[in-house]
Amino acid sequence: MSIQFTRRGLAAAVVLPVLLATSPAISQGDVTITHYFTGELGKKSFDEQVAKFEAASDFTVKDSPIGHEDFKSGILVRAAGQSLPDVFSYWAGARVQFVVDSGSLHPIDDMWNREGLDDVVAKSVADSATMYNGNRYLVPLNYHYSGMFYNTNVMADAGVTEFPTTWDGFLELCEKLKGMGVTPIALGSMNRWPAQFWFDYLLLNTAGPKYRAALMNGSASYDDPEVVRAMEMWASLVDAGYFVPNANADNWTDASDRVARGEAAMTLMGTWITGYWNGIGLMAGDDYDFFPFPAIDDGLPTSVVGPVDGLVISSNVQNVAGAEAFIAFMVSDPGVQAGWTKGQGALSANTMVDPAEYNAVMQKANATVAAADHFAFNYDLATPPPVAEVGLAMFAEFMNDPSRSGEILAGAATAAAEAFTQ
Amino acid sequence: MERENRFWRIVLLALPLAVFAVLVVWPLFSSFYYSFTNWNGFDSRYEFVGFRNFAKIYTDKLFLNAAINTAIWMVAAILLPTLLGLGLALLIDSRIPGGTIFKSVFYLPICLSAVVVGQIWVWIYQQDWGLLNTVIWTVTGERPAIAWLAKPETALGSVIVAWSWQQTGLSMVIYLAGLVSIQEELLEVCEIEGASAWQRIRLVIIPLLTPATIVVIALSVINSLKGFDILFIMTGGGPFHSSDTLAMHMYNESFRKYLMGYGSAISVVLFLIALTIIRIYFRQLRKLDEIHG
């Protein structure tokens, strides 16, 4: 009898910890979230907004952030294990489309209408970023604009008072800076994506948004004359020595640091660079500013490029009410939106946020986007992920040896065509 | 009594076996299963595609590139730490001044995780202020702009050097333990008989170190097959696939391109390659065991 008791006790001792380890320690009032707003991408500010939500509601947020680069695979691992959190951040565009097509997201149309978000979110952003397959799935937490961010002191030393609006003017500026011994352009393409803005703007400003959309959806090819021309223009800048050498050795913060230190004059980057620069003590307007990417061909609409960071609810959400309350709060509360976008160096899609909340540079970015004819998602958010991998590798290979651009484009055309079939 | 002992054995083994089954056996069989599907990792819906993923491997240029890199990686990751470890062990065993300190210094890297080692070497290779370029600058007087990890010509080799730096300490310690078991008298007799130092090493010491060499190579094979983390940290397979190994290619296809079915097929091939290498190795090991008793 005593042996039987011991056996049961031992069995319990073995089984109980397993059960405890596998049981989720989540209460009914918890909302689980995962996001990529870590480090210089706004962790502190995001935490502050989450605290405001917890103070204003009965829900508790269980937060598990993942670094920006690791998030891209980390969220897939969680999806593959069917353990997605209630809410996660994601990039609007092709990536959300991919997840929607996979049936992994919870539609939010009812919540959107109930909360009156049509009156809160800018229509241009709502139309382009929130609707997929006829339903709403994403609330835009913020958006960014990519422009030519420069060191004001370097430009002042070069005697630059007016910034180029045309391609010839841009080439003159680069030549002037190079003549002064300053590398005109910093690029940190170690993680590949920072190079994509060059491709985006060169293609949009030579071939136009319609052609670019065709390339992104697979109805145009990477060895078309339009793409060849854009890449040749890019190669001419590298050949002229306007870019830092070995761009693939730097990441985006290295490139930003080169501009901040005055080793390079400018970098084509998203507005998140302002959050990074503010964090290391630079002053908007005094130490840095930006100008829009110059127009190239006449008669094309003015395009701006950038990502929209959004929040989505997974289809296996445990706490629907909490998840919907959280994402609605994060987008609709003007105080939260102002605090978050200022902290992260982003623009708000909430029309009730007063532009005066932004610093001078961000006000200018806001006005630039408002005045543009066309807002385009940047390359890796505009084309399906398997194709984006082909293009991102192509940009890094191109930056290593632009003289091989013809060969690189031919390879990319074949690989992209195959990726579209998958 | 025997029955009770049996019960305890089963109970005590149950938990580790359950953990092993969940964390190793189940994912292994899952990979086999998904390699016959077009699953993208997100979608609960997928189709069986037969051997299509395996057929794709034959036409995938990136797979061929990764297979060649894996072969280079394995040969270098086995040879370099083994030879360097043997050389260091012979030096330290010759009772050079400060031998104990050198032993600790060379062994230290093996105590660090591959992630830490990878990050240290990313800093060493940094093109502007990294240790390597600074040393070259000091020696040559000219500032080099060599981006060791950003150039396809140097990326894989640079990671192999970092890997060897970490693994050499382990080989060295195993060889030192082997050297202790060689009798001093034997080497003294060789010396009296007129054998040179090189002849003593080549004809006496190295053959007597065969058991240690077997252990060193076994560990090197196993560790090199697992060598994903340091590559991931240092180059991520880049620039543009120049340092992709099969494990890295599998990761890229599965988690960056969302082709989980094809990635699983690559992992199955990698598993079969590893199994073949391990089988060949153990067969040779058995033969050596028979020779050396």
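Me: In this predicted model, how many bridges join strand S7 of chain A to S10(A)?
Reply: Happy to look at that with you. Strand S7 covers residues 146-151 of chain A, and S7 and S10(A) run antiparallel. Within this pair, Tyr150(A) stands opposite Asp289(A) in S10(A). The number of bridges joining S7 to S10(A) is four.

Me: Which strands are the edge strands of the sheet in chain A?
Reply: The sheet is open, with mixed pairing, and its four strands follow the order S8-S9-S7-S10 (chain A). From one strand to the next, the twist averages 25°. An edge strand here pairs on one side only, and that describes strand S8 (183-185) and strand S10 (288-291) of chain A.

Me: Which element gives the largest share of the side of domain 1 of chain A that touches domain 2 of chain A?
Reply: This contact brings together 16 residues of domain 1 of chain A and 18 residues of domain 2 of chain A. On the domain 1 side, helix H4 (94-101) and helix H15 (334-344) of chain A each supply at least two residues. By class, that side divides into eight nonpolar, five polar and three charged residues. Its largest share is three residues, and they come from H4(A).

Me: Which helix gives the largest share of the side of chain B that touches chain A?
Reply: Each chain puts 27 residues into this contact. On the chain B side, the elements giving two or more residues are helix H1 (2-34) and helix H12 (246-256) of chain B. The largest share, five residues, belongs to H1(B).

Me: How many helices and strands are there in chain B?
Reply: Reading along the sequence gives the pattern α-α-α-α-α-α-α-α-α-α-α-α-α. Along its principal axes, the C-alpha trace of chain B spans about 75 × 75 × 35 Å. The count for chain B is 13 helices and zero strands.

Me: What percentage of the contacts in chain B with a separation of 6 or more come from residues 24 or more positions apart?
Reply: For background, chain B has 293 residues, of which 35% count as buried. Among its contacts with a separation of 6 or more, the share from residues 24 or more positions apart is 72%.

How values were computed. Residues numbered from 1 in each chain as written. Chains lettered and ligands numbered in written order. Predicted model: local features only at pLDDT ≥ 70, side-chain atom pairs only at ≥ 80, totals over all residues. Contact = placed C-beta atoms within 7 Å. Nonpolar A, V, L, I, M, F, W, Y, C, P; charged D, E, K, R; others polar. Pairing = 2+ DSSP bridges. Axes fitted to C-alpha atoms, helices over the stretch in contact; angles between N-to-C directions. Buried ≥ 20, exposed ≤ 12 C-beta atoms within 10 Å, placed from the backbone.
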